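Thank you all for coming; I would like to walk you slowly through one structure this morning.

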Amino acid sequence: MSTAQSPEGAGQAEGAGQAEGPARSLARPTEAYLDHLAVERGMSANTLAAYRRDLHRYLWWLHSQGIGEPREVTPRHVTGFLQALGTGADGGHPLSPRSAARTIVAVRGMHRFWTLEQLTETDPAQDVAPPRPAPELPKAIRVDQVSALLDAVPTDTPAGLRDRALLEFLYATGARISEAVGLDVDDVIGAVQPGGASEQDAGPAVVRLFGKGSKERMVPLGSYAAAAIEAWLVRGRPSVSTRSSAGGPALFLNQRGGRLTRQSAWTILKKAAERAEIDADISPHTLRHSFATHLLEGGADVRVVQELLGHASVTTTQVYTLVTADTLREVYAAAHPRAR
């Protein structure tokens, strides 16, 4: 299959209804499903883009099988696509079980939508189960490593004050990096702000986070993070915000006065890890994992951690209990005189 007729090429096209690609009778109902996810389900832009790529790959598979209408798809076609994902037989790169599972979830959702919209009489994907990837335990760093990471950030410049506030914030709240860089100043409630309440009058600081699907949750802000954000708001942000109006109400600004990006936040963390001489592979999500793991190790209820992380299901959060159990076993084996 040539580049013009491959799943990768399809993802770059304006639409999937080109003459040499999947028929418009497949492309249009696919776009209807994506519109449904965006408008009615409130799916985030990043997740929607991933669904679009996965479904375009599926359309090209159907096209290669001679399918031109939704009603022509059978369970055999869906199962064949699942098998092709692992080998690259559809013309795309072979996918891991985890990525293949994500793709099949998108396909199953689309076929369910087509059935509800009466584009098909039956759902050919309803009995096709996505592959079960091996459980991947979250990677957390130790409490002392977190402390070293945070202490490694100098706070004698506006950029340093921002970096310290950002990293303290990520560890204190378990926020996703997209949630952090999307924050506005008014989303932090209770921290001392220029011209605002005095420190004596301000109550316990909390932050308003907007997770997947714009779902809102309130998360407490610990004293260290609150102090770091106050220092950034009072001594750092005012001098940066005057450089440009592009950042508007954003809490975290870049050096030019615009809103900080996820890529810049990742770079800030990597530099801090290098200064702290932490060898572990660290990303912004590492602080989210560490937040959850350390809470559970400290005795927090898993359902409380679920709410703080913004997980829709406690099942997602329970993976952290496996990490905690592993830690307990290691401590037991090292400390108990008759453990071995």
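Before anything else, a word on how elements are named: helices are DSSP runs of H or I with at least four residues, strands are DSSP runs of E with at least two, and both are numbered from the N terminus. What you see is a predicted model, in which local features need pLDDT of at least 70 and side-chain atom pairs count only at pLDDT 80 or more, while totals for chains, interfaces and linings use all residues. Residues are numbered from 1 along each chain as its sequence is written, and side-chain values use heavy atoms, with hydrogens and water left out.

Let me start with the whole chain. The protein chain holds 14 helices and three strands. I will call a residue buried when its relative accessible area is under 20%, exposed when it is over 50%, and partly exposed in between, using a 1.4 Å probe and protein chains only; on that basis 44% of the 340 residues are buried. The accessible surface, computed by the Shrake-Rupley method with a 1.4 Å probe, comes to about 18,100 Å², and carbon and sulfur atoms contribute 51% of that. By contact I mean heavy atoms within 4.5 Å, and among the contacts in the chain with a separation of 6 or more, 59% join residues 24 or more positions apart.

Now to a pair of helices. In general, two packed helices are described by the angle between their axes and the distance between the axes. Here the axes are lines fitted to C-alpha atoms, for helices over the stretch in contact, and the angles run from 0 to 180 degrees between N-to-C directions. Helix 3, residues 45–64, packs against helix 4, residues 75–87, at an angle of about 115°, and their axes are 10 Å apart. On the helix 3 side the residues that meet helix 4 are D54, R57, Y58, W61 and L62, and on the helix 4 side they are H77, V78, G80, F81, A84 and L85.

Helix 5, residues 97–116, is our next stop. Although P97 and L82 are 15 residues apart in sequence, their C-alpha atoms are 9.9 Å apart in space.

What happens to phi just after helix 5? Q118 takes a positive value there, about 65°, and Q118 is a residue other than glycine. As background, most residues other than glycine have a negative phi. Q118 sits in the loop between helix 5 and helix 6 (143–151), and with a relative accessible area of 72% it is exposed. In that loop we also find T120, but T120 counts as buried, at 9% relative accessibility. Leaving aside neighbours within four places in sequence, T120 is in contact with P70, R71, W114 and T115; P70 is 50 residues from T120 in sequence, yet the two are 6.4 Å apart, C-alpha to C-alpha.

E277, in the loop between helix 10 (262–275) and helix 11, likewise is not a glycine and has a positive phi, of about 55°. At 67% relative accessibility, E277 counts as exposed.

That brings us to helix 11 itself, residues 284–297, whose 14 residues should span 20 Å, in agreement with end C-alpha atoms that are 20 Å apart. Is helix 11 mostly buried or exposed? Eleven of its 14 residues are buried, so helix 11 is largely enclosed by the rest of the structure; among them are L287, R288, H289 and F291. After helix 11 comes G299, with a positive phi near 105°.

I will finish with E179, which belongs to helix 8, residues 177–181. E179 counts as buried, at 5% relative accessibility, and, not counting residues up to four places away in sequence, E179 touches L209, F210, G211 and R217.

Note on methods
The expected span of a helix is 1.5 Å times one less than its number of residues.
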